[in-house]
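Please examine the structure shown here alongside the explanation that follows. The text begins with a pair of charged side chains and then widens to the chain as a whole.

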Amino acid sequence: MVTQFPIERFRDIRTPFYYYDINLLQATLASVNKAADAPAFRVHYAVKANVNPVILREILSAGFGADTVSGGEIKAALEAGFKAENIVFAGVGKSDEEIEYALREGIGCFNVESEAELEVIEEIAKRESKCAVVALRVNPNIDAHTHHYITTGLTENKFGIDMALLAPLIKRCVESPYIHFKGLHFHIGSQITDLEPYKILCERINDLINEYEAQGIEFESINVGGGLGIDYDSPDENPIPDFNAYFDVFKKYLKVRPGQEVHFELGRSIVAQCGSLITKVLYVKNGLSKRFVIVDGGFTDLIRPALYQAHHKIENITSESDNIETYDVVGPICESSDCFGVDEKLKETHRGDLIALRSAGAYGEIMASQYNCRSLPASYFG
Ligand code: LLP
């Protein structure tokens, strides 16, 4: 399924902007639903990847829940039509106001990351005469073999509760009249392309379930987080991640108890490939040893290359030349990190050409900023 860019339509639109291929998004959602067909499996979309209302609506109609990390994300999910009970709320730094808001709205679960947070949630629930549904986020100390900025499941990371510190917190949850204890939550990192860490995660979870079951504690739900990676190099060859292989790991290795639910929180793998940042060439600048293509989109529109040394495939979508040339593709922002690609092979490029930065549907538009007093990019759909 290759994204076709409606070039003629693009000519009238102010650049840079995001373009989303809704057919591809729908095909991706169908593929997730097909692969996650086990009765215990529930998929939540990690709203942080892209909160565009059009995208949220598609995801809602495919039957997904929402995984959120702030009051703002909860609001966006509710406004898009997600039911409160299908929204989970994670994050290491939930503010009192966010906890109050989430409790008032009756969200499905707080994924709690520390004892200090648990105390505050309990206190607020007591004050509001409510019962907070809680899962404890466990740090399983697993190396997800991904970029160190987006690995989360190691002891050195700020996320989750160390397994050794878990027992008294579970006890507290089970005994508190203001808490409904739901189960355990895990998330080991993002852009994970080797499935082995997920197998290790299943084994870790099985051990924990056995250990606590022996003490009479049962978990209604196990949330295994998200993190499945995508192919940034070849978006047209691999537009839809291998969801079968991913869900099969959990079907095969996770020992699900009768009546237990298994929750997934996928973000990137659902929305990344359907989005591209479309930007226009302002200048082709010849240096002594380099040729720069200067585009009107910068790291304010797509920050992943500057922040994580990520590479998005770059294509000149309007050049009709057969010549392939080498360029550095850079943005207009006054920082050297505003660079999308070094020594890129592009069709011969001229001022006014349109460039697509592919696989930008996840952590693209939502991470845009207004640095240098720039406008936020608009979005269009096809
Ligand atoms: N669940 C939790 C608790 C998370 O922290 C995340 C992502 C997800 C689920 C969804 O992960 P995904 O399926 O999208 O990998 N801005 C970075 C990625 C940050 C991921 C943060 N947490 C990037 O552009 O690569």
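In helix 7, which covers residues 166-175, Glu-175 and Lys-171 are 4 residues apart, and this places them about one helical turn from each other. The model in view is a predicted one. The two side chains form a salt bridge, in which the closest N and O atoms are 3.5 Å apart. Glu-175 is exposed, because its relative accessible area is 55% and the term applies to values over 50%.

Arg-358 and Asp-236 meet through their side chains in a salt bridge of 3.0 Å, from N to O. Arg-358 lies in the loop between strand 16 (354-357) and strand 17 (378-381), while Asp-236 lies in the loop between strand 9 (221-223) and helix 9 (243-253), so the pair ties together parts that are 122 residues apart in sequence. Are these two partners buried or partly exposed? Arg-358 counts as buried, at 2% relative accessibility, whereas Asp-236 counts as partly exposed, at 21%. The cut-off explains the two labels, because buried means under 20% relative accessible area. The pair also belongs to a network of salt bridges that links Asp-236, Lys-313, Glu-315 and Arg-358.

A further example involves Arg-374 and Asp-301, whose side chains meet in a salt bridge of 2.8 Å, N to O. Arg-374 is placed in the loop between strand 16 and strand 17, and Asp-301 in the loop between strand 12 (291-295) and helix 11 (304-308), so this pair ties together parts that are 73 residues apart in sequence. Arg-374 counts as buried at 19% relative accessibility, and Asp-301 counts as buried at 1%. How many salt bridges does the structure hold? The number is 19.

The loop between strand 16 and strand 17 also contains Ser-359. This residue is not a glycine, yet its phi is positive, at about 55 degrees. Ser-359 counts as buried, with 1% relative accessibility. A second case is Gln-191, a residue other than glycine with a positive phi near 50 degrees. Gln-191 is located in the loop between strand 8 (179-185) and helix 8 (196-213), and it is buried, with a relative accessible area of 16%. These values deserve attention because most residues other than glycine have a negative phi, and most peptide bonds are trans.

The peptide bond between Thr-15 and Pro-16 is cis, with omega at about -10 degrees. Pro-16 is part of the loop between helix 1 (7-10) and strand 1 (17-20).

Just after helix 4 comes Gly-81, which takes a positive phi of about 110 degrees.

With a relative accessible area of 26%, Tyr-178 is partly exposed. When residues up to four places away in sequence are not counted, Tyr-178 touches Glu-122, Ala-125, Lys-126, Lys-130, Cys-131 and Ala-132. Between Tyr-178 and Phe-299 there are 45 Å in space, C-alpha to C-alpha, and the two are 121 residues apart in sequence.

The whole chain can now be considered. The protein chain has 11 helices and 17 strands. Its C-alpha trace spans about 70 × 40 × 40 Å along the principal axes. For 382 residues, a compact globule would have a radius of gyration near 21 Å, and the 22 Å of the protein chain agrees with this. Of the 382 residues, 54% are buried. Among contacts with a separation of 6 or more, 71% are between residues 24 or more positions apart.

The protein chain exposes about 16500 Å², of which carbon and sulfur atoms supply 49%. The protein chain carries 37 positive and 55 negative side chains, and the centres of these two sets lie 2 Å apart.

Technical notes:
Residues are numbered from 1 along each chain as its sequence is written. This is a predicted model: local features need pLDDT of at least 70, side-chain atom pairs count only at pLDDT 80 or more; totals for chains, interfaces and linings use all residues. Side-chain values use heavy atoms; hydrogens and water are left out. A salt bridge is a side-chain nitrogen of Lys or Arg within 4 Å of a carboxyl oxygen of Asp or Glu. Helices (H or I, at least four residues) and strands (E, at least two) are DSSP runs, numbered from the N terminus. Buried means under 20% relative accessible area, exposed over 50%, partly exposed in between (1.4 Å probe, protein chains only). The radius of gyration is taken over C-alpha atoms; the globule rule is 2.2 Å times the number of residues to the power 0.38. Contact means heavy atoms within 4.5 Å. Accessible areas come from the Shrake-Rupley method with a 1.4 Å probe; for residues, only the protein chains shown count as cover. Lys and Arg count as positive and Asp and Glu as negative; His and the chain ends are not counted. The place of a charge is taken as NZ of Lys, CZ of Arg, CG of Asp or CD of Glu.
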